[in-house]
Amino acid sequence: MPRRIVIGIRGVGHRVVDSIWRLGYASRFFLLILLKSGTSLRRFGLITREIYFTGVLSLIIILVSGLFVGMVLGLQGYETLQRYGAESAVGTMVALSLLRELGPVVAALLFASRAGSAITAEIGLMKATEQLAAMEMMAVDPVARVVAPRFWAGVISMPFLAALFSAVGVFGGYLVAVVLIGVDEGSFWSQMQDAVDFRYDVVNGIIKTCVFGVAVTAIAVFEGYDASPTAEGVSGATTRTVVTSSLAILGLDFILTSLMFRGMS
Amino acid sequence: MTPEVLIEIKNLNFSYGERSVLKGLDMTMSRGKVIAVMGGSGSGKTTLLRLIGGSVRPSSGYVKVAGKLVHELKRDELFRMRRKMSMLFQFGALFTDLTVFDNVAFQMREHTDLPESMIRDLVLMKLQAVGLRGAHNLMPAQLSGGMARRVALARSIALDPLLIMYDEPFTGLDPISLTVIGNLIRRLTDALGMTSIVVTHDVQESLKIVDYVYFIADGVIAAHGTPAEVRGSVAPFVHQFVHGEEDGPVSFHYPADSYASDLELENGFA
Ligand SMILES: Nc1ncnc2c1ncn2[C@@H]1O[C@H](COP(=O)(O)OP(=O)(O)O)[C@@H](O)[C@H]1O
Ligand SMILES: [Mg+2]
């Protein structure tokens, strides 16, 4: 019996040490990407190409989801607010929910599952088929040539995707509240304009999306680069990207929110 | 002006963790030759190429390429050396997101400032040399195994290297593609004045095209010689390998406890 406890404790210890070790390894990799970003920033074409693959191909899912989330917010907001006779504030509610929380968070979650997993799978497959080793043998650094452009493309795309998500979401809220239900159009927009503060709501939202963008893409490229070079290795890494970055987004969101919005108004 | 010997390997030892793979290898490879390195699967042939290319470090001993100790080179020196060497990976390792043309152009664009018009001419010349100029617009996924190997060959001669290492270039090819690749290796080596190291276990095909053969077994050089010497060799290992015999110095069986004890016959269970 004590023996089994010892083995159990040892197992836990192993896991903890392993995760810390891996975290350290990932942080070192992250620094390495930053150090080796010179090439891709100088040859911006490398990044634009990846922006197409990560950003542009995520557009559809971002726009459609944004529209639906906005429409649901319009419905729910109206449903609650009209009880207090405040249905004209539905625009405010939709806009603030999207700018502060749902835009950054949901867009980042979608981005992680659409683009993040694709980045991991692509880099992992390049590793499994020895393309990265071949590049290294050609005296071309794969971190500079393959990883860094994808990283920056993700970091650049994320804020734009989240902004589009929020914009389409507000439009969805407008469709439901004003066009469908008949809330007064003038007060819908004017209350929204009055309530939304650029520095407090918009800028904080943008800061969130930037942080999420860095986190998701960093996790995605790391998992791809670190994948064991087999089919199972790559599929495992893809799953880990989605799981880890989703958790990272939600955790970071809590931390950022508690730093940014402390009941000031 | 250059000394005869391009690669000198002395008492080379290497292990993956506890697992010792190479145990004191000695080889010399002369410029302008095609050298075959043969040995069973898992005998450390790919590892040897990685040691020559500097992607892993020896536990002891050394590899010298053109007089320089590979494992003592700094990263930028190593990268400079690698511009003069190429490696053809087992399945080609073509960049799947680039066309055939862009694959061959890759190193020219990364390492030179040549204008695009000149790159175009050079790429088409390299592709012509492997007979695939007409395929320059295809994506790697559209190529057969033999064609992919030839594109990889064109890519590896893109910057006219001094040395090309081929990791099992014949594996998985039909007999025609196999002969084509073999002859290409020989012809390109002679035409471009390169040195080629061919890692293979395709004995018959490689004996036709190479100048010298090394056999690796159990981490050491078991035998070496010219193709004629190898064919006529009566050394049991070489004989077994060249004639593909099932049992000999290289056992059919992976080392194991005695068969009887594994089946628990000795303990009186049966
Ligand atoms: N990255 C690695 N980690 C641990 N062991 C390895 C690794 N690569 C190869 N090996 C082992 O080293 C031995 C030699 O491998 P390799 O050089 O690939 O052989 P070959 O190319 O002759 O088939 C094999 O037994 C293999 O299992
Ligand atoms: Mg091998």
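Student: How many residue pairs are in polar contact across the interface of chain A and chain B?
Tutor: This is a predicted model, in which local features need pLDDT of at least 70, side-chain atom pairs count only at pLDDT 80 or more, and totals for chains, interfaces and linings use all residues; side-chain values use heavy atoms, with hydrogens and water left out. A polar contact is a pair of N or O atoms within 3.5 Å; within protein, one must be able to donate a hydrogen and the other to accept it, and residues adjacent in sequence count only if both atoms are side-chain atoms. With both residues at pLDDT 80 or more, the number of pairs across the interface of chain A and chain B is 7.

Student: Which helices of chain A each supply at least two residues of the side that touches chain B?
Tutor: Residues are numbered from 1 along each chain as its sequence is written, while chains are lettered from A and ligands numbered from 1 in the order in which they are written. Helices (H or I, at least four residues) and strands (E, at least two) are DSSP runs, numbered from the N terminus. The helices you want are α5 (90-128), α6 (131-137) and α7 (142-181) of chain A.

Student: Which of them gives the most to that side, and how do the residues there divide by type?
Tutor: The most comes from α6(A), with 6 residues. Ala, Val, Leu, Ile, Met, Phe, Trp, Tyr, Cys and Pro count as nonpolar, Asp, Glu, Lys and Arg as charged, and the others, Gly among them, as polar. The side of chain A that touches chain B then divides into 8 nonpolar, 2 polar and 9 charged.

Student: What share of the area buried between chain A and chain B do carbon and sulfur atoms give?
Tutor: The contact (heavy atoms within 4.5 Å) takes 19 residues from chain A and 21 residues from chain B. Buried area is the accessible area (1.4 Å probe) that two parts lose on being put together, summed over both. Here that area is about 1800 Å², and the share from carbon and sulfur is 58%.

Student: Which residue of chain A forms a salt bridge with Arg82(B)?
Tutor: A salt bridge is a side-chain nitrogen of Lys or Arg within 4 Å of a carboxyl oxygen of Asp or Glu, and the interface of chain A and chain B has 7. In one of them, Arg49(A) pairs with Asp97(B) at 3.4 Å between the closest N and O atoms. For Arg82(B), the N to O distance is 3.9 Å, and the partner is Glu136(A).

Student: Why does that pair join two chains?
Tutor: Arg82(B) sits in helix α2 (residues 75-82) of chain B. Its partner belongs to the other chain, so two chains are joined: Glu136(A) lies in helix α6 of chain A.
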